[in-house]
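Please walk me through this two-chain model.

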Amino acid sequence: MLDYIKSYLTSNLTPGSAGNMFWAFVYIVVIFLGLSVAVIAMNWLERKILAHMQVRLGPMRVGPHGLLQPIADAIKLLLKEDIMPAEADGFVFWMAPIFVVLAAFTVFIVVPFGPTHAVTDMNIGVLFMLGVSSLSALGIVMAGWASNSHYPLIGALRSSAQMVSYEIAMGMAVISAVMMTSLNQQGTGTLSMIGIVQAQQAQGIWFIFKFFPLGLIAFFIFAVAMVAETNRAPFDLPEAESELTAGFHTEYSGFRWSLFFLAEYSAMIAVSSIAVTLWLGGWLRPFPNLLTGAKWDLFFFLFPGITFLFLAGMCFYSTVRMPKHPLFRIQTIGLAGFGVVLGLIGLILFIPAVRERVQDIYWFSMKVAAFMYLYIWYRGTFPRYRFDQLMKVGWKILLPMGLGVLILTAGVGLWPLIQQTIWNR
Amino acid sequence: MAADPTNHMEPVATPFFFYLLGGLMLIGGVLVITRKNPVHSALALIVTLLAQASIYLMLYAPFVAGVQIILYAGGIMVLFLFVIMLVSIERSQRERQFNKQWVVGMVAATALGGLFIAVYTKGRGIFPEHALPAVEAQNTQNVGTLLYGQYMFAFEIASLLLLVAIIGAVVMAKKRI
């Protein structure tokens, strides 16, 4: 048994490819917990950052700087009465949130946090991610219909129309990135998530910069389509609160509603990780081929620890700035304690054995985190689109652009071959 | 790529999974025609399609499975539900669910069942002697090479057909073009 567990550690494969059930299970549990923590953190960050963008303070009451607010929210949601409308279709109403959460979490078994840090590596990685994440549209439609109410039904209709239209533009962008894995080099392309990042490493270029500006345009199409795909502002028509109260989850409350919340945020993380894998070099650190050598390696290895130490420093700075009132004593101590914990994590990340294993995960998470910040930024910046404008952007701008990029990428990629044939004639 | 040929995995294509998925497909298929509520029927159809995708995976055809999930479960069924949701449930539930053509149905079912039994008992020569080597890692590439090489003509014909269908849909939906 112990040998079985240890045998994986020496292999250079993902647990799924090595066929090791134990480590696959460990990875699944770690990813599940990590995602839940990320969603909680994202909840706090979104409220805080949005508030600061609008010159407000945001949550300040529960815990220092509202740090415990998501936990308080979660407890409130779990204790809330779970209401089901009398005329609702019971079974479908009950299934919908579970379906959405399943679709949102299943996607993560192919997300490559590092060359070996994925549950498994599928030959059809990107296809699998796109397919399973498109299933969440079904869950939303089920929720909207089963509520047997007008606002949710309209929200569900909007959502399904929006997702089906933007999926096409998204697919075009993804195909042009997948084509880049095979062009201008030996062998064939690949759909596997790990293979795509390895292709970027082998070609020495992130696909966002390849065939400039074609990679950039494809990335832009994906970046717009993915916001629409996750029903986030400025494309959040399915839950437009000024028109449809809360859209497809109007009738949901308590735990079921929190499942929708969880699914929305993990879907955001999922599409961001597709974008990171396809265009931004996945787990690769900046300039992996240019800045090589022991010195640069050490320099980039130190980043994870420094990030955590920086966060700890922020905590201590805020601790000093806390009001010196007896009522704030517990909060001040709590904040200092949080800073100490973050600092300790930072110090642990400086240990050579740890930092070498963690750096892939760190760079991947940082890139995804940048996308998460962009999501919040969009929400704070752009007004909501009207539905006809949304359809116009999807069908009349993004789709033709995607088709054009696809053809041009194929043409530019095949150009050396074409040239050769003409010259040899 | 992680799937190197030296790494022999335990096959996932065990009889247990086959019977589980096959059972799911059958239950889903029966529910599609027996449920009175059209939305329930559509949801049962989704279960069938997903189980079918898993069976493709078991047959070492991951590309077909992925396409099945994207196109049928993620695309077509969403459009199906989109339309069905707008239909009044009360009216559709009053409608007759089965037509009374038992004789024709029986004949068709017997013919199909007879064909299956004939293939199962006598058709040993049709199938290869033993299972083909599972080239899971090359599946997508192989499908691509076949589609754009050997079956190029059929592929282009199919795409032309789809184009005609798209144009037809636009012509029928728009009053003034």
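**From one glycine outward**

A:G305 is buried, because 21 other C-beta atoms lie within 10 Å. A residue counts as buried if 20 or more other C-beta atoms lie within 10 Å of its own, as exposed if 12 or fewer do, and as partly exposed in between, with C-beta atoms placed from the backbone. This is a predicted model, in which local features need pLDDT of at least 70, side-chain atom pairs count only at pLDDT 80 or more, and totals for chains, interfaces and linings use all residues. Residues are numbered from 1 along each chain as its sequence is written, while chains are lettered from A and ligands numbered from 1 in the order in which they are written.

A:G305 sits in helix α13 of chain A. Helices (H or I, at least four residues) and strands (E, at least two) are DSSP runs, numbered from the N terminus. Leaving aside residues up to four places away in sequence, A:G305 touches A:G346, A:L347, A:L349, A:F350 and A:R355. Contact here means C-beta atoms, placed from the backbone, within 7 Å. A:I345 is 40 residues from A:G305 in sequence, yet their C-alpha atoms are 7.5 Å apart.

Now take α15(A), residues 352–381. Its 30 residues should span 44 Å at 1.5 Å a residue, and its end C-alpha atoms are 42 Å apart, which agrees. The expected span is 1.5 Å times one less than the number of residues. The helix bends by about 45 degrees at A:V358. That bend is the angle between axes fitted to the seven residues ending there and the seven starting there. Buried residues of α15(A) include A:V358, A:W363, A:F364 and A:Y375. What do the buried residues of α15(A) pack against? They meet α3 (21–53), α11 (254–279), α12 (294–301) and α13 (303–321) of chain A.

Two loop residues deserve a look. Most residues other than glycine have a negative phi. A:V55 has a positive phi, near 55 degrees. It lies in the loop between α3 and α4 (69–79) of chain A. A:V55 is exposed, with 6 other C-beta atoms within 10 Å. A:N231 also has a positive phi, of about 55 degrees. Its loop runs between α9 and α10 (241–244) of chain A. A:N231 counts as buried, with 25 C-beta neighbours inside 10 Å.

Step back to the whole chain. Chain A has 16 helices and zero strands. Its radius of gyration is 23 Å, close to the 22 Å that the globule rule gives for 425 residues, so chain A is as compact as a globular protein of that length. The radius is taken over C-alpha atoms, and the rule is 2.2 Å times the number of residues to the power 0.38. Buried residues make up 45% of chain A. Chain A averages a pLDDT of 84, and 98% of the residues score at least 70. pLDDT is the predictor's confidence in each residue, from 0 to 100.

Chain B has seven helices and zero strands. Of its 177 residues, 17% count as buried. The contact between the chains takes 28 residues from chain B and 30 from chain A. On chain B, the largest share, 14 residues, comes from α3(B). The chain B side divides into 19 nonpolar, seven polar and two charged residues. Ala, Val, Leu, Ile, Met, Phe, Trp, Tyr, Cys and Pro count as nonpolar, Asp, Glu, Lys and Arg as charged, and the others, Gly among them, as polar.

Note on methods:
Two residues are in contact if their C-beta atoms, placed from the backbone, lie within 7 Å.
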